[in-house]
Amino acid sequence: MNIWVKLPSFCVTSVALLIGCLAGLIGTVQGQTPQFEVAGQLWQDSLGNHRLAVDVPFTSHAVEVKVDWRRRDKDAANKVVIITDSTGKQINNIKINHLDRETGDFVFDPVSGSGIYYVYYMPWSGHKWEGGFQGDYLHHQPKADDAWLKKLAGLTAKRRLPLAHNVVIQARTAFDSFYPMEIVAKKREVEALVAKYKDPFLLFFEDRKHPIKMFDDLPLRWIQKGPARAGNNHFSVEADRNEYYVFQIGVFASTDSLSDIQVSYKNAPFKITCFNTQGVDSKGKDFVKKVHVPKGHVQPLWLGVDIPKEAHPGKYTFTVEVKDAAGAARFVNVQLNVRGKLLADRGDKDLWRLSRLRWLNSRLGIDDHNTAESRPLLVDKSTATIKAGTGTVQLNALGLPKDIIIGGENLLSGPIDLSMQGIEKQGKLVVVPGQKLHFTHQASGKVAWETAYENSGFGVSYQGQMESDGYLGYKVIIRARKDAAMDDISLQIPVNKQLATYFMGMGSGKPFGMNGGYTPFSYDWKWRGPQNSFWLGTYNAGIYCKFLGATYNGPMLNLYHPAPPPSWYNNNNGGFKIRTYNNLVSTSTYTGKELFKKDSVLTLEFSLLLTPVQKLNTSAQFANRYYQNYGNPFPGQKDIEAGVNVINVHHANRINPYINYPFVMVDSMRAFVDHFHKLGIKTKIYYTIRELSNQCAEIWALRSLGTEIFSDGSGGGYPWLREHLVSHYDVQWFTPIDGYEACDAAIKTSGDSRWYNYYVEGLRWLVKNVGIDGLYLDDVAYDRDMLKRMRKVMDMVKPGCMIDLHSNTDFSKGPATQYTEFFPYINKLWFGENFHYEKMQPDNWLVETSGIPFGLMGDMLFSGGNPWRGMVYGMTNRDGCPTDGKLCNPKPIWEELDHFGIKNASMYGYWEKNPAVTTDNDKVLATAYRNGHKLLIALASWDTAATTVHLKLNWEKLGISAEQISFVARDIKDFQPGKAFKGTGAIEVKPGKGWLLEVQ
């Protein structure tokens, strides 16, 4: 079987481009390594990213190629070789004599006569689409024609075959190139190097121009230049004043495995940091990393020199010493030539400088001040009362909430209790002398307290904190003084029944991914599935509770699959339940029986959040109109005339091509932002953390940190990933980019890491230097502390920036619960993909989609949403958004809302006490909007059949007096026909639909 690949005309490189190489290599000894270059023209990408150009200077029936191509792929022998002539005509007859990662020896039939031929040695077959890649390298070399093979046998029997001249090895693009740091040294060359020096490890100096990319091979470059040794141990580099200069030292464990590598500096003129051995975590705490290098492997050490702007131009010499745990030490002498030029931005605008690596250790936005959106905390220590903008908490003697006042009502029907059944068998718990409840820290954004109790069997310490957003965090540490047991430990939250209308979380669910609604009378759940939290409350008061202690506590638990918090799970003895009584609804999260050995410690952690977290801002909801089109972020004139004033720029387009790395095309993005700012339109961009594009300039430095930044994984995916990352990565998003040759092939990040610090600094840089007006977050992996940092940083640079949050409920499994802690810091929800609005009931709409119980509002996405039901919650879809074969167009509804003056209206929902408007059918719900003396009613049906309803208006609540009224439905395209209704009755409503009625 033959493999024929159709070649487009642009793929053929002119022979003239190779004349220079050919002239220099025509006498090259066959089998030696050719030169490497980037091709002057592209070829069809499925032929592979690399090719060998050979010259056949004569006519022959067969010619042999011998090449030292020094490839990274260890399975080179399993890949197909495709050969074409200079016009793209494919050669059918090829015979492989020998092929491995070091050398190749094969014969082909140069049917086009003398000239240049191309050997493609990594061809693949597959399918690329927006969101993924499926394919593999070609693995079965086609058998040549029998007649040619017979002729070849005759030729080789008489004499040696003529050899083609190896001209050059070409990479399809510069980004694909292996040269120079992935041109592999041969095994015998490495063995000779090790034998020559006989050291436990060798050091190789590299500046930032040549990132170390291979961890289990040496590059040929190192064989040629040798390690840092006497006579070859003085390296000179240049940098500018105020530059953060980055360089590398490669550590090769040549004869033994190395453990606990230490890096030190002598005569350092400026502060130097080794990113591989030390750092600052995402909470702002210093840490030290232990670095181990297996025998035969390479560990890159990335170092940064913090050159101040006051530095005098001149030459500075210092020494970097690398030592392992066994005491073996080697050093590198560096001469740093500081030029007179002053960099205003530390070098951050130039990605090639890699100066942004210092962002990994940033503490930007980490402090205990309140954000601009929240009030400073007020503390009355005498009564242990803490007042935040969202509510007031009074603590009991254990530091747990005794009262929670929200909107003038006490949410609790009794104190929150961490009950320890059986602890009394060891005697009554008494306060530890000197450890009565006391405050340990107080700032405008955070206050902390602690207390401790004990009896003969246990010591129990309670540590708590409250923040200005209404968040409370608790850690309870139980220390056993002897072998003992407790029958159960349970966190009990008794909520006033009148305020416990709705519930979501802890495994609660309905069909279609729904995860919230009316509170069940009784409910039992054991730890299973991606759940670790719940919310209980009503539209204007509630409490969110989250159980901590797992390896990962952020959202998207189904992606990271952490085991349940071990202390609460307790080997599946733990669980959760709801019970309803006369005047309260009680939740109990229990551990079951706990057995303690003497000196053992059990730590129980949980957090609470008071809701709503903000005051509902209907004006902003209706004033800010979003345009969002993934591939085309440019709204049209009709969109702008309809009131679009916020653009969300997704990734995978010309303006923001590469996922979560919006730094490559900043000039285009800045021009886009500036253009729309002149039209009064704000621009927000997709920028998150969960996965990271392979276009990231710092990717090799991040890879050198092991699994700190990038998750481990089984590899595979797009050919670029296989060829350069090779292994130990987790394939994520992939897409070709319209207008760009380089595809976006992302890999998964590890969750909480120093990349969070980089991200926050990157956000500051984008707001300041590109002018973006905020972020569009799409199922992110970081935690509330990150949202708080982000909000503070945006407020520092550009107050008024906005954040909206989107989630796919099939992906994040109950996103309203998983993201509740984010809500104090965002402006809008977009829930979202796979929210089946036609099947969701009103309680689920309110709790999990609308955002209203949390002080937020949202938009619809999946299949365009249900516009009638959406308006009951103040929701439309987003202009220009493609979804499930539809293109969202809220402009006709916007026109009606503008006619009414919705931006200045107050909202009165059916969920409120004493609603402003009701119907005589509990499956047809209504929300009223009042603008002065004008009234608009959104009516929607959840009934399964057409029905006729009568409206009842609460004029006292609306603050309007009217003796005679009528309802007018203005004609709205794709929504409703124009129609007038007299009085308050006889309004026919079709199932799943409704009306927007102006009251006259």
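## A buried strand, a helix and some salt bridges

Strand β13 is covered on both faces: Tyr-244, Val-246, Gln-248, Gly-250 and Phe-252 are buried on one side, and Tyr-245, Phe-247, Ile-249 and Val-251 are buried on the other. Buried here means under 20% relative accessible area, exposed means over 50%, and partly exposed is in between (1.4 Å probe, protein chains only). Since nine of the nine residues of β13 (residues 244-252) are buried, the strand is largely enclosed by the rest of the structure.

A word on the ground rules: this is a predicted model, where local features need pLDDT of at least 70 and side-chain atom pairs count only at pLDDT 80 or more, while totals for chains, interfaces and linings use all residues. Residues are numbered from 1 along each chain as its sequence is written, and side-chain values use heavy atoms, with hydrogens and water left out. Helices (H or I, at least four residues) and strands (E, at least two) are DSSP runs, numbered from the N terminus.

Which strands sit alongside β13? β11 (residues 202-207) runs antiparallel to β13, joined by six bridges, and β18 (residues 298-306) pairs with β13 in the antiparallel sense over nine bridges. Strands count as paired if DSSP finds at least two bridges between them. Phe-252 turns up in both pairings: Phe-252 is the bridge partner of Leu-202 and stands opposite Val-298 in β18.

Over in helix α18 (residues 891-900), the buried residues are Pro-892, Ile-893, Trp-894, Glu-896, Leu-897 and Phe-900. They pack against α7 (618-623), β43 (626-627), α17 (867-872), β57 (924-931), β58 (934-941) and β64 (994-999), with contact meaning heavy atoms within 4.5 Å. Just past α18, Gly-901 has a positive phi of about 90°.

Now the salt bridges (a side-chain nitrogen of Lys or Arg within 4 Å of a carboxyl oxygen of Asp or Glu). The whole structure has 59 of them, including these:

| Pair | N to O distance |
|---|---|
| Arg-70 and Glu-189 | 2.7 Å |
| Lys-349 and Asp-350 | 3.4 Å |
| Arg-481 and Glu-454 | 2.3 Å |

Arg-481 is in the loop between β31 (471-480) and β32 (484-486) and Glu-454 is in strand β29 (residues 446-454), so this pair ties together parts 27 residues apart in sequence. Arg-481 is partly exposed, at 39% relative accessibility.

In the second, Lys-349 is exposed at 57%, whereas Asp-350 is buried at 17%. Lys-349 and Asp-350 also belong to a salt-bridge network with Arg-208, Glu-238, Asp-240, Glu-243, Arg-339 and Arg-353.
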